[in-house]
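Please look through the points below with the coordinates open.

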Amino acid sequence: MKYVTLDNLKKWLDDLAQEVDLVAPRDVDGHVLYRPVASSAEILFEYQRPELSAKEFIFPDTEVLLRIEKRRNEVKQEEVLPERKQVIFGLRPCDAHGFEVIDALFLEQEPPDKYYANHRQRTTLVGMACPQMWEGCFCTSFGSGPDDPSHLDVMLREVEGGYAVEVVTEKGAALVADLPLEERPGEPPPAVADGEQYPVVSPKQWREVFNDQIWMRHGERCLSCRICTYVCPTCRCFDLTDRVVEERPGLVRIERIRVWDACTSTNYRRAAGGHNSRPTKPDRIRNRFFCKFCYYPEDFGPLGCVGCGRCVVSCPVDIDIREIMVDVAQAVSG
Amino acid sequence: MTADNNPMRPYLGRLAGVRDLATGIKLFQVELTEPEGQATIGTYRPGQFAFVSAFGAGEAPFGIASVRGPYLEFAVNAIGHVTHTLHALEVGDPVGVRGPLGNWFPLDEIKGRDIVILGGGIGGAPLRPVIQTVLDRRADYGHLTILWAARSPDLLVFTDEFDEWAAAPDTEFHVTVDRGDDRWQGHVGLITKLLEEVDPATQNAVAITCGPPIMIHFVFLTLQKLGFTPQQMLTTLEARMHCGIGKCGRCNMGEKFICIDGPVFWQYEVAEFLEGFL
């Protein structure tokens, strides 16, 4: 195996932080989050699952799409497409898998999303294998696992004194070209992938449960708080709006911004005339899970869940996607 | 459809004209100033929609309301932030337009057929290009029946065009309101009641409707009662969409997206939706 010592890795990261936007797991007031870091000293090397996915660094929760300048009646528009390279270090495999899910819609369906494509292109993903599965994790139900390198550019696995380094893509090879790697005998031990497996039934079978009582049973206690979509590495709904950033006589500066949206919010389907075709919580909960297991795979290919478990631990009323998977599987087989 | 290969950037234009259409509803005429925008949006077909930007407030989707004249036309009801901001604009003010988006009414495929138009309130706006097309190519289509409705007389749109429609050859025009007022002397009652009274011939006919979802639902039921088949009924649906290109998620009905699979649907397509529009 290729190997790097922790000290050499830290030195490399310190240099890297000077050249690129470096994002890594960090302790923020007791919360582990992927955050921009200025040096390796800020990076956590021992951590479980960050509380939020890294989605915001490829698909920002608030992103300026256009800078619009209005001088009297003359309007100029400028696209905002950052060019600086970005490296997400310490990314968990489920979060990398989440990007692949969004790629299927934002990159592979015409027309591609120019902003997402730019972030994806400027970013290199350096993964850190989970040594085990954490509370709520069920990535193995989606053909992945705690040390699955397949959605990353480089994968690190902790071994004694440092890390085993697996280069997955050419992009990853270019990034670690100057990382001082040694050859060492042996391979890193596989992660403990002993999490429970949950049944994934086909989109066609999901159609059978559209009118099932499942949605009332799980959905009526929903608070419409939207935390499930906020923490989800694959939820990609968005809203667009303008904000005025400067206004003086003869000049208005405006930003057209894209912000995350959530299909679980009360007025998501409210139209201009006041009609709301998803007026109840069970309607909206059903849509969220049908999107993940039926609509998204039918329309774009991949399932809309990677088994990160964040919605499981975040939901204030314990709506548990794993229980829903089990209930759906029972309903279609029974 | 894309400016700078970026479908999220609107083409720039200016407001060329505004007129009151009904209480709270104005008709906006937009002139695009970018040649690329003129060329792209100039390809639109009846039934397609576009986003109109009120810079500083945002953008909202509207059906394109005319195929005649040099300008793009949009009927806008002042309901939310963007539409109220649009209503405050004056002629000459800059606006943006993203489009044309979505599918369109299959007007070439239904040449030679009788056409029945059923418009409810501002839902009549996306049907106006269909009426114009039939009237401008009168020989290409059979009998035209227009049923026009609103909740009240002050909400009827395009009233200044009623005379043209009523006088057109091989055309009949009927109008109704749910509730009249002191001056209203016309038909009172829901559009479905008017439809039963008019009882248009079904043979070789295609009915096209737009209005509030509940109206579309009952118009379809009434049409079926009168003998229209699912292959003879078209509608156009709406949602408060944000992208218009199948990405933002807002307008899904089951696995379908109103913005790219619609907004125009045949009744047999609507009947097969896993998740209904009502």
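**Notes on the two chains**

1. Chain B has 278 residues, for which a compact globule would have a radius of gyration near 19 Å; the value for chain B is 18 Å, which agrees. The radius is taken over C-alpha atoms, and the globule rule is 2.2 Å times the number of residues to the power 0.38. This is a predicted model, in which local features need pLDDT of at least 70 and side-chain atom pairs count only at pLDDT 80 or more, while totals for chains, interfaces and linings use all residues. Residues are numbered from 1 along each chain as its sequence is written, and chains are lettered from A and ligands numbered from 1 in the order in which they are written.

2. The C-alpha trace of chain B spans about 50 × 45 × 35 Å along its principal axes. Chain B contains 8 helices and 15 strands; helices (H or I, at least four residues) and strands (E, at least two) are DSSP runs, numbered from the N terminus. Of its 278 residues, 53% are buried. Here a residue is buried if 20 or more other C-beta atoms lie within 10 Å of its own, exposed if 12 or fewer, and partly exposed in between, with C-beta atoms placed from the backbone.

3. For chain A, with 334 residues, the globule rule gives a radius of gyration near 20 Å, and the chain has 22 Å, which agrees. Its C-alpha atoms fill a box of roughly 70 × 65 × 40 Å along the principal axes. Chain A has 10 helices and 12 strands, and 44% of its residues count as buried.

4. How many residues of each chain take part in the contact? Chain A gives 40 residues and chain B gives 37 residues, where two residues are in contact if their C-beta atoms, placed from the backbone, lie within 7 Å. On the side of chain A that touches chain B, the elements giving two or more residues are β4 (62-71), β5 (74-79), α2 (93-106), β11 (238-248), β12 (251-260) and α8. The largest share of that side, 6 residues, is from β11(A).

5. The largest nonpolar core has 181 residues, and those with the most contacts inside it are Ile88(A), Phe74(B), Ala75(B) and Ile117(B). Such a core is a set of buried Ala, Val, Leu, Ile, Met, Phe, Trp, Tyr and Cys residues joined through C-beta atoms within 7 Å. Helix α8 (residues 281-300) of chain A supplies its largest share, 8 residues. Leaving out residues up to four places away in sequence, Ile88(A) touches Val23(A), Tyr34(A), Ala54(A), Phe57(A), Thr123(A), Leu125(A) and Val126(A).

6. Chain B is divided into domain 1 (11-101) and domain 2 (114-236), with bounds from an automatic or database domain assignment. Their centres, taken over C-alpha atoms, are separated by 24 Å. In the contact between them, 14 residues of domain 1 meet 14 residues of domain 2. On the domain 1 side, β1 (11-22) and β5 (72-77) of chain B are the elements that give two or more residues.

7. Helix α6 (residues 213-225) of chain B has 13 residues and should span 18 Å at 1.5 Å a residue; its end C-alpha atoms are 19 Å apart, which agrees. The expected span is 1.5 Å times one less than the number of residues. The buried residues of α6(B) are Met215(B), Ile216(B), Val219(B), Phe220(B), Thr222(B) and Leu223(B). They lie on the same side of α6(B) because they cover an arc of only 165° around the axis; the arc is that of the directions from the helix axis to the C-beta atoms. The face turned away from this buried side carries the exposed residues Ile214(B), Leu221(B) and Lys225(B).

8. Two cis peptide bonds deserve a check. One joins Glu110(A) and Pro111(A), with omega about -10°; Pro111(A) is in the loop between α2 and α3 (114-122) of chain A. Another joins Gly99(B) and Pro100(B), with omega about -5°, and Pro100(B) is found in strand β6 (residues 94-101) of chain B.

9. Asp318(A) has a positive phi near 60° although it is not glycine. Asp318(A) lies in the loop between α9 (310-314) and α10 (321-333) of chain A, and is exposed, with 10 other C-beta atoms within 10 Å.
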